[in-house]
Amino acid sequence: MKPRIGVFSLTSCEGCSLAILELEDQLLDILGAVEVVNFREGMTERSWEVDVGFVDGAVSTPEDEREAKHLRESCRTLVAIGACACLGGVNTLKNRQEEKDYRAYVYGDRAAWFETQPARPLSAVVKVDFELPGCPMVKEEFLRFVQCALSGRSFQLPDYAVCVDCKKKGNLCLYEKGVFCLGPVTRAGCEAICPSFGSRCEACRGVLGEQALVTAGVNLRESYGVALEDVLADVQRYGAFQGNTLP
Amino acid sequence: MRNVTIDVKHVTRVEGHGNISVRVTDGAITHLELKIVESPRFFEAFLRGRKWHEAPHITCRICGICSVGHTSASLKAVEAAAGIEVSPQTRMLRKLILNGEQLQSHVLHLYFLAVPDFLGVGSVIPLASTHPDVVRRALRMKKLANDLCGAIGGRHIHPIAMHAGGFTHLPQPAELVELKQRLEASREDLLHTAELYSTLRVPDFTRETEFVSLKIGYNGEYAFYEGDLVSTREPKPTDVQDYRKRVIESVVQHSAAKHCRSPHSAAYMVGSLARFNNNAAQLHPEAKNLAEKLGLRPVCHNPFHNNTAQLIECVHCTEHSIELIDSILTHGLKEEPLAKPTHFGRGAGAVDVPRGTLFHEYELDKDGTITQANLIIPTGQNLANIEADMRAMVPPLVASGMSREDITLRLEMLVRAYDPCISCATHLLNIEWEE
C-alpha cells in the first residue's frame, strides 16, 4: 500500500508547502509513490487518516493549538517543516512585544475580535517525529526524507555547521569581506545558499547549540567588533534563539 | 421562494484559510460573509524596533507565493524612506525577477488551482494520469519561472540576493542566455495553454466595479515594478507616496484581514484584470494578439476573466523577460556595491504583484530603526469586492433553480478567480450555506 500523505499549515506563509510543488522534476515520481490524501492548498478532497503528515507554520492561536493536537492524533508520523514549525519562525518576533500593544497596533480598538497567543514551535505543543528546518525548508532535504521514509532507511539532519558546506563550495568567506555571518554556529544542510548568493547566514535552520552561540557571540564582539544587538537581531529573526540576551 | 444556506469551511485550492457563509431566506440574502479565519500575523507590529535593512527579508516571509513581490515593495519603501537611489542595472534585474514571480504564480493558479474546476476534478493530481501532457507542461512552465527567480535572487521562495541598494549576487551571462532560450521555447507551451484555456467555459457574470492598479504614463511599459496609482473611475495618476488618498482601510469582525475602499467606490478590484483594464494598450504586441483572440477587451467587468488576464500577462511577462535579458546582456553586468542610505524618514513603495497592487510604508527614526509600518495587501483590497460580487450573483442563481451544490461550486470558483492569498491578507476561505 502506498503511504498516505498530508500537508497542513498553521500560522505561516505556506512557503514550505509551496516548496513541495516547486520540486517540478520529481513531483510526478513522488505522486506515483505516495497517495496524497489531504493538501488544502492544492486539492478539494480531505482525509484525516494520514501515515505521514507534514506541517508548516507556528502555533500562534488557540485554533492552531487545537489543530496541532488533532494533527498529532490523525498522523502516524508527524513532520515539522520549515523554520516556523521547527523554531517558531518570524512569528516569534511578536513575542518580544507586549501582547496588548501589538494587537492594538494592527487592529486598534477591535483587537479583541482576533485571538492570538505567543508563537511556539510545533514541538512545544505535541510530540514531533522529525524536523526539516529552514526558511523555507530545503526542497532537497525534503526529497531525501521522502526517499528514506519510502525505503525504510533512518533519516538524520547534518550535525555540523553551514561553514563546512560553504568551504566545500569554495565560497570566499564573508568574514574576509568584513561581513559577519552565523554560518559557524548554524546547522548545515542548505548548501550554504545564503553565503553562496553573497548574503550572510541568519541561522534560519537553528543553531547547533547554545554553547556554540555564546562562544561565537563573544568571538564576534572581541575579534570582529560586532555589536551584540546585531548578533541577537539575526539569531532571533527566525526563532533560532528565544532568549533576550547572550552572556 | 427558496431558502438556501451554504457553509463552506476552508475553501480549498486557495492560499490560506477562509470560509464562505451564505443564508438566503425567501429568495433574498439575509447573511453573506467571506470569513477570513487565518491566524492574524502582526507583521506591522513586530517590524517596529527592527533595522531598516531587515524589512525586505522579514516581510517576504508574509507569503511564500508572492515572496519576490513583498521583497520588491519593501525594498522600494525602505529606499524611499532612506533616500537610496538604485542603479539602472538593479532596476532591470528587479523587473526580471518580478516577471519570473508573475509567471510562477499565474501558472500555479491557472493549472493547479483554477483548471481542476473546469475539468470537474478535485485537484491536479488525477490529471497526472488522465492528462499527463497537460501536467508536464504546467510543471515545465512553473520550473522555468522558478529558475528565472533562482538565477537572480538565489531562490524563488524568500529570495536571498535582493537587498536595499542593490544585489549581493549577479547571474552569469551564460545563465541568462540559457534562460532566454528556454523562455523562447516556452512560447509553444503558452500557445497550448491558450488553446486549453479557450475550450473552458468562463461563467457569465458582470457587475460594474472600480479597477485599481499602477500605470506608467500613457506609453510607458505595462506596470508591475513601478508606476503611479490609477483606476477606471479616476484615471488621473496619484503618486504612490500619497497612496492613502486612494486606499482606505477598515477592520471588520469576520475577517482577520482588513477590508479596503476607495474615495470613489465602497469596493474595488486589484489584480491581473485591473491591470489589463487600465493598461491593455501597454501590453506586448503578442499579449495584445492573445487578448484579441480570447475576446478580452477593456473595461471587462466579469471577475472570472481575471484568469484570462493572468494568461495574457504570462505572454507579456515571457516576451518582456526576453527583451530584458537582451538589454542586460547588451549593457553587460558589473559588480556594484549596495547603494547607501542618505537620510532616514518616511517612505512608501508600491508594486503590482501577481494578485494586485501591494503597498509597504515605513517610518524610520534617526538611527534607521523602524518606528511605524503599514502594509496593504492585494487580497485584503479585493475582499469587499468579492463579497459584493457574491451578493449580486447569488439571488439570480437561487431564482434560476440552480442546485445548492452548483451554487456552492460557482461561489468557490468566484473566490478562486481572484486567486486570493490569505496568509498575505491576514496579516480566506470556507463557504457556509444554511438551508
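Because the model is predicted, local features need pLDDT of at least 70 and side-chain atom pairs count only at pLDDT 80 or more, while totals for chains, interfaces and linings use all residues. Residues are numbered from 1 along each chain as its sequence is written, and chains are lettered from A and ligands numbered from 1 in the order in which they are written.

We start where the chains meet. Two residues are in contact if their C-beta atoms, placed from the backbone, lie within 7 Å. By that rule, 45 residues of chain A are in contact with 45 residues of chain B. On the chain A side, at least two residues each come from helix 1 (15-21), helix 2 (27-33), helix 5 (99-107), helix 8 (193-196) and helix 10 (228-237). Helices (H or I, at least four residues) and strands (E, at least two) are DSSP runs, numbered from the N terminus. The side of chain A that touches chain B has 23 nonpolar, 12 polar and 10 charged residues. Here Ala, Val, Leu, Ile, Met, Phe, Trp, Tyr, Cys and Pro count as nonpolar, Asp, Glu, Lys and Arg as charged, and the others, Gly among them, as polar.

Helix 10 of chain A also packs inside its own chain. Its axis and that of helix 9 (residues 210-224) of chain A come within 9 Å and cross at roughly 140°. Axes are lines fitted to C-alpha atoms, for helices over the stretch in contact, and angles run from 0 to 180 degrees between N-to-C directions. The crossing of helix 9 and helix 10 of chain A is right-handed. A crossing is left-handed if the near helix is turned anticlockwise from the far one by less than a right angle, and right-handed if clockwise. Helix 9 of chain A contributes A:Leu213, A:Gly217, A:Leu220 and A:Arg221, and helix 10 of chain A contributes A:Leu228, A:Val231 and A:Val235. By class, this contact has five nonpolar, one polar and one charged residues.

In chain B, the axes of helix 4 (residues 88-119) and helix 10 (residues 306-331) come within 9 Å and cross at roughly 150°. These two helices of chain B are therefore roughly antiparallel to each other; angles under 35 degrees count as roughly parallel, over 145 as roughly antiparallel, 65 to 115 as roughly perpendicular and the rest as oblique. The crossing of helix 4 and helix 10 of chain B is left-handed. Their contact has 11 nonpolar, 10 polar and two charged residues.

Another pair in chain B is helix 6 (residues 132-153) and helix 7 (residues 173-199), whose axes come within 10 Å and cross at roughly 145°. The crossing of helix 6 and helix 7 of chain B is left-handed. The residues of this contact divide into eight nonpolar, two polar and six charged. B:Glu184 is also found in helix 7 of chain B. B:Glu184 is exposed, with 12 other C-beta atoms within 10 Å. A residue is buried if 20 or more other C-beta atoms lie within 10 Å of its own, exposed if 12 or fewer, and partly exposed in between, with C-beta atoms placed from the backbone.

In chain A, the peptide bond from A:Cys135 to A:Pro136 is cis, with omega near 0°. A:Pro136 lies in the loop between strand 5 and helix 6 of chain A, and A:Met137 lies in the loop between strand 5 (130-132) and helix 6 (139-151) of chain A. A:Met137 is buried, with 32 other C-beta atoms within 10 Å. Leaving out residues up to four places away in sequence, A:Met137 touches A:Cys16, A:Ala19, A:Ile81, A:Gly82, A:Leu132 and A:Phe142.

In chain B, phi of B:Asp26 is near 50°, a positive value in a residue other than glycine. B:Asp26 is in the loop between strand 2 (18-25) and strand 3 (28-36) of chain B, and B:Asp26 is exposed, with 8 other C-beta atoms within 10 Å. Phi of B:His158 is near 60°, also positive in a residue other than glycine. B:His158 counts as buried, with 26 C-beta neighbours inside 10 Å.
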